[in-house]
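Hi,

Here is the structure I promised to pass on. Have a look at it first, and my notes follow below.

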Amino acid sequence: MGLPDVVTREEWRAAREELLALEKAATRARDALNARRRELPMVEIDKLYVFEGPDGKSELLDLFEGRDQLVVYHFMFAPEWEAGCPSCSGFLDQIGHLAHLRARGTAFAAVSRAPFTRILPFKARMGWTVPWFSSNLSDFNQDFGTTVETGGCLQERPGISCFLREGERIFHTYSTFDRGLDGIGFTTNLLDLTALGRQEEWERPAGRASALGAPAGSSGVRYHDEYLD
């Protein structure tokens, strides 16, 4: 492995202070970016989307649970799959207690194209309690860019969409996909602080293979009940 150089404590402190200046600049840049995100215009949703959940059929307004905002995680689970995506499962494993979101007037729900009858046993296996709905009865995922047609076939991609409501009017305010989710996953945030990082091919410096022999990168992600340790 190409590990970091070994230096004295004084040399490390000097290098750390140099990096700290860059980290503070990145924090300020992130704050500015978040402000720009909050200034995005929004689009009113005038299409009826029907979902299937534990209480039968629901509409998008129902997913708000009476709250002002809704965050939807587009979980990759196609109708023909036997189980949900391992990487999406790793993401959902990291969702904390929803009371903290709900206290700020924000609901959270996962949505997949798989029928609810297939979602339910997988959710039970994973031990999740987050609200999870099937969009199999509508083209919700297609309209919000997480199910796309490629070569005549429908392909799934992970994403998050945010909605705001005013009374019964619903507005789409934001969506992000793929690596746009990087800053949200708790595990990846922690790994970014370590010397070995995520151990993915695109990372620099190269050659930071896992010293523990753990599966590297997104290809090594498993369902949490399938890891040996």
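**What I found**

The side chains of T147 and E156 are joined by a polar contact of 3.1 Å (a pair of N or O atoms within 3.5 Å; within protein, one must be able to donate a hydrogen and the other to accept it, and residues adjacent in sequence count only if both atoms are side-chain atoms). Before you read on: this is a predicted model, where local features need pLDDT of at least 70 and side-chain atom pairs count only at pLDDT 80 or more, while totals for chains, interfaces and linings use all residues. Residues are numbered from 1 along each chain as its sequence is written, and side-chain values use heavy atoms, with hydrogens and water left out.

Back to T147, which sits in strand 7 (residues 147–150); helices (H or I, at least four residues) and strands (E, at least two) are DSSP runs, numbered from the N terminus. With a relative accessible area of 4%, T147 is buried (buried means under 20% relative accessible area, exposed over 50%, partly exposed in between, with a 1.4 Å probe and protein chains only). Leaving out residues up to four places away in sequence, T147 touches R113, N141, Q142, L154, Q155 and E156, where contact means heavy atoms within 4.5 Å.

Next, the core. The largest nonpolar core has 24 residues, and Y73, F75, L92, F122, W128 and W132 touch the most other members. (A nonpolar core is a set of buried Ala, Val, Leu, Ile, Met, Phe, Trp, Tyr and Cys residues joined through side-chain atoms within 4.5 Å.) At least two residues of this core come from each of strand 4 (69–74), helix 3 (86–93), strand 5 (106–112), helix 5 (116–126) and strand 9 (159–166). Helix 5 gives the largest share, 4 residues. If you click on W128, you'll find it in contact with F75, S89, L92, D93, F122, K123 and H224, leaving aside neighbours within four places in sequence. Another core, of 16 residues, lies apart from that one and includes L63, A109, F140 and I170.

Strand 5 is worth a look too. Of its 7 residues, 7 are buried: T106, F108, A110 and S112 are on one side, with A107, A109 and V111 on the other. Strand 5 pairs in the parallel sense with strand 4 over 6 bridges (two strands pair if DSSP finds at least two bridges between them), and V72 stands opposite A109. Strand 5 also pairs in the parallel sense with strand 6 (residues 132–134), over 3 bridges; there, F133 is the bridge partner of V111.

Finally, the charges. There are 12 salt bridges in the structure (a side-chain nitrogen of Lys or Arg within 4 Å of a carboxyl oxygen of Asp or Glu). One of them joins R169 and E44 at 2.9 Å, N to O. That pair links distant parts of the chain, with R169 in strand 10 (residues 169–177) and E44 in strand 1 (residues 43–44), 125 residues apart.

K47 forms a salt bridge with D143, the closest N and O atoms being 2.7 Å apart. K47 lies in the loop between strand 1 and strand 2 and D143 in helix 6, so this pair ties together parts that are 96 residues apart in sequence. K47 also forms a salt bridge with D139, at 3.0 Å between the closest N and O atoms.

Cheers
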